[in-house]
Amino acid sequence: MNGAARAFVCGFGDVQAGLGGLAWDLGEPGALLLSKGEVRQATFALERDLETTTVEITAGADTVEATLAPERTLIEHPDADNPVEFKATGALAEVRSKGGDQTFESAGQLSEWVGDPLEGVGILRHLAIGGGPDSHLIATARGVRGAEGHGSERAVGWLLSGDSGVPYEETLISTQYDGNDEPMRIGLELWPEDADQSSRAAATRVSGSLLGGLRAGPVWAGLFRCHTDGAEGLGTYLLWRP
């Protein structure tokens, strides 16, 4: 990756195409690839060219390349609860399987932290859910050391698309774990500003079931089949715990 090193998470893909990927660097790099109905541990290369970002993810003999053209970027500036800057970019991804015949467009995202997002942190979550090719939901949660469960974490969420980029007033994340304490189902409830709190239909709701995941050091990462208010999409979930 060119330029100053930053912690990042980059994802793309499409459930119907059965192809997608997730790459990250949170102190240590890692990646996973969805292809041929299977999620596998992978390696990645990330390059920038002016405004676009190209990520190449390889697992065994399979390589998938995605070029992300940014559509909307939101920046969360440092404050007392979040000491580092966070930049979330929703993108249109052109996805290609090298050596194969698949080429399609999907939602993509690139999230970056300027500084160390893990300093003083006991848990960090990053979720991204793709809807249509030009729509992405992104949510993060950060808990200090000793924090117990979602209720003690600071969660924020955004809707990023070609014609809008807005934060949600309230972001609620739920995670169901298996016997190995690894995520198997996820949920998001995202409340826009000035929503009618008496009407639960005002929220954007996401539910996701695991397609496959892996653990790499302190990071667990997975791809999920997600339903967002009736629409199906691919979701990524990265969980960092020391």
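Modeller: Let us begin with an aromatic cluster, which Phe 86, Trp 113 and Trp 158 form together. This is a predicted model, in which local features need pLDDT of at least 70 and side-chain atom pairs count only at pLDDT 80 or more, while totals for chains, interfaces and linings use all residues. Residues are numbered from 1 along each chain as its sequence is written, and side-chain values use heavy atoms, with hydrogens and water left out.

Biologist: Why is the pair of Phe 86 and Trp 113 called tilted?

Modeller: The structure holds 6 aromatic pairs. The ring centres of Phe 86 and Trp 113 are 5.0 Å apart and their planes stand at 45 degrees, so the pair is tilted. Rings of Phe, Tyr and Trp (its six-membered ring) pair if their centres lie within 6.5 Å; planes under 30 degrees apart are stacked, those over 60 are edge-to-face, and the rest are tilted.

Biologist: What makes this pair a tie between parts of the chain?

Modeller: Phe 86 belongs to strand E7 (residues 85-98) and Trp 113 to strand E8 (residues 103-114), so the pair ties together parts 27 residues apart in sequence. Strands (E, at least two residues) and helices (H or I, at least four) are DSSP runs numbered from the N terminus.

Biologist: How do you know whether Phe 86 counts as buried or exposed?

Modeller: Phe 86 has 1% relative accessibility and therefore counts as buried. Buried means under 20% relative accessible area, exposed over 50%, and partly exposed in between (1.4 Å probe, protein chains only). Trp 113, at 4%, is buried by that rule. Of the 242 residues of the protein, 48% count as buried.

Biologist: Where does Ala 203 lie, and what is it in contact with?

Modeller: Ala 203 lies in the loop between strand E14 (183-191) and strand E15 (204-216). With a relative accessible area of 3%, Ala 203 is buried. Leaving aside neighbours within four places in sequence, Ala 203 is in contact (heavy atoms within 4.5 Å) with Glu 189, Leu 190, Trp 191 and Asp 229.

Biologist: Why is the protein called as compact as a globular protein of its length?

Modeller: The protein has 0 helices and 17 strands. Its radius of gyration is 17 Å, close to the 18 Å that the globule rule gives for 242 residues, so the protein is as compact as a globular protein of that length. The radius is taken over C-alpha atoms, and the rule is 2.2 Å times the number of residues to the power 0.38.
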